[in-house]
Amino acid sequence: MKLTSSSAARRKKVVVVGAGIGGLTAAVALHRSGHEVLVFERARQLGEVGAGLQLGPNAVRIVEALGLGQELHRLTAEPTERVSLKWDTGELRVREPYKGVMRQRFGAPYLMAHRADLHHLLMRQLPDGCIHTGAECVEVVASPGSASARFADGSAVEADVVVGADGIHSMVRNSLFDPVRPRFTQQICWRVVLPMDAIRRAPALPVPLTGMEYTGWLGPTGHVLFYPLRGGELLNIFAGRVSSDWVGESWTVDSSVPEMLQAYAGWNDGMLEVLSQATNAYCWGIHDRDPLASWTKGRVTLLGDAAHPMMPTLAQGAAISMEDGACLARHLAAHDVDTALSLYESERRPRASRVQLQARQQFLNNQMTPPPPPLPTDWIYGHDAVSGTDFKATA
Ligand SMILES: Cc1cc2nc3c(=O)[nH]c(=O)nc-3n(C[C@H](O)[C@H](O)[C@H](O)COP(=O)(O)OP(=O)(O)OC[C@H]3O[C@@H](n4cnc5c(N)ncnc54)[C@H](O)[C@@H]3O)c2cc1C
């Protein structure tokens, strides 16, 4: 959405704290709609973890609306099929076409991205001087008619709106509302990226796989996903495990390949043949939070994991963060700041909270034997945050 000539829709100055996928999507959407945007990122160097990211149709639609669809398609992979296998025997539970089908059903495809590629694509859309690195925000102040952010080096910036897109440990959130520690969800995971050859080097795989499928091994103690990245050059593995232990305060620990394989002892041999080709392994402790009762105070609001950190069971955390950015840009383009922030929160909070809770429920359902059918996701995939409507497939 572009700014109109009305005074309500005048150009606004927006400060975004945090240059993750959520903050950058918001910054690009705001910049495209004509606002002045400044992004402040604590890290000295911009980047993302070297792992895959599933982009549901609701996320892809936003990238396409920003005019970046062609480039996104060039950088990602669209899985040919969805395959679901039993964790131990490898028995085929589901094999269904995916490529092309998701666009028909939801108006956009389901794509698999390398996080760094998407991050870089978004970053390149912002003008020079927009992103400030090595800028740790230490305080935000919401005053009537404006907001300001102060940084560790003592500098400060004032804006019409400050957006906290600073992730699950959000300083902005903690300074607006009572600080609550994130909850360990009893899920840990390993993330591995391998050359696609890894599939061909696993003769014990129970069903023929090319590696271009979106394959899930579902068991009562965890689930393992394989999917392609970069047009099929790479194979991404997400290995999630139910675990009551998580050590200390850290969010990721240096693990080892033998430790990861040990966690899947007794799982299908073919699956283990693929996993065993990893050369290193980090382990993440998955945390989330309860939905927040409010996201906004005065001219300061939240977005992405700062507002609604969720379990990765539905692969929607980044997608919902991207939706937040598209929605915020739409309302700021059409209304005065206070109205826009109020419309933003009332549109986003119920939806994001519902996805947060469904992600938790899906995690619990996955542990049942046999697992019940997956919870419905059409309401998630079909949403168009750019227009604020839902996609209607034509028969
Ligand atoms: C294992 C795993 C798998 C996942 N898989 C998927 C998936 O397939 N699909 C999907 O949609 N989602 C997935 N998610 C969720 C997704 O990764 C997150 O929801 C998403 O990355 C959140 O983006 P964000 O920009 O809100 O926060 P972040 O990516 O956390 O970015 C926050 C940024 O703010 C910066 N920052 C922090 N504090 C400050 C400060 N005080 N001052 C300045 N800057 C600061 C940080 O350095 C960081 O760059 C997964 C999550 C996990 C853990």
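Analyst: One definition to begin with: helices (H or I, at least four residues) and strands (E, at least two) are DSSP runs, numbered from the N terminus. Also, keep in mind that this is a predicted model.

User: Thanks! Which element gives the largest share of the shell around the ligand?
Analyst: That is H10, with 4 residues. Helix H10 spans 317–334.

User: And how many residues surround the ligand in total?
Analyst: There are 32, and the closest are Gly-18, Gly-20, Gly-167, Gly-304 and Gly-317. Besides H10, the elements giving two or more residues to this shell are helix H1 (21–32), strand S3 (52–55), strand S12 (183–195) and strand S17 (282–288).

User: What does the shell look like by class?
Analyst: It has 16 nonpolar residues, 10 polar ones and 6 charged ones.

User: Let's switch to domains. What does the domain assignment give?
Analyst: It gives domain 1, made of 7–79 + 107–181 + 292–390, and domain 2, which runs over 183–288. Their C-alpha centres lie 27 Å apart.

User: Where does the ligand lie, then?
Analyst: The ligand shell takes residues from both domain 1 and domain 2, so it lies between them.

User: How many residues are in contact across the two domains?
Analyst: On one side, 20 residues of domain 1; on the other, 21 residues of domain 2. Strand S6 (111–114) and helix H11 (337–366) each supply at least two residues of the domain 1 side. H11 accounts for the largest share of that side, 4 residues.

User: And what classes of residue make up that side of domain 1?
Analyst: You'll find 12 nonpolar, 7 polar and 1 charged on the side that touches domain 2.

User: New topic: the sheet. In what order do the 8 strands come?
Analyst: The order is S5-S4-S13-S14-S15-S12-S17-S16, in an open sheet with mixed pairing. At the edges are strand S5 (92–97) and strand S16 (252–254), each pairing on one side only. From one strand to the next, the twist averages 15 degrees.

User: What about S14 and S15, parallel or antiparallel?
Analyst: Antiparallel, over 8 bridges, with S14 covering residues 222–229 and S15 covering residues 234–242.

User: Which residue stands opposite Asn-236 there?
Analyst: Tyr-227 is the one facing Asn-236 in S15.

Key: Residues numbered from 1 in each chain as written. Predicted model: local features only at pLDDT ≥ 70, side-chain atom pairs only at ≥ 80, totals over all residues. Near = placed C-beta within 6 Å. Nonpolar A, V, L, I, M, F, W, Y, C, P; charged D, E, K, R; others polar. Domains from an automatic or database assignment. Contact = placed C-beta atoms within 7 Å. Pairing = 2+ DSSP bridges. Axes fitted to C-alpha atoms, helices over the stretch in contact; angles between N-to-C directions.
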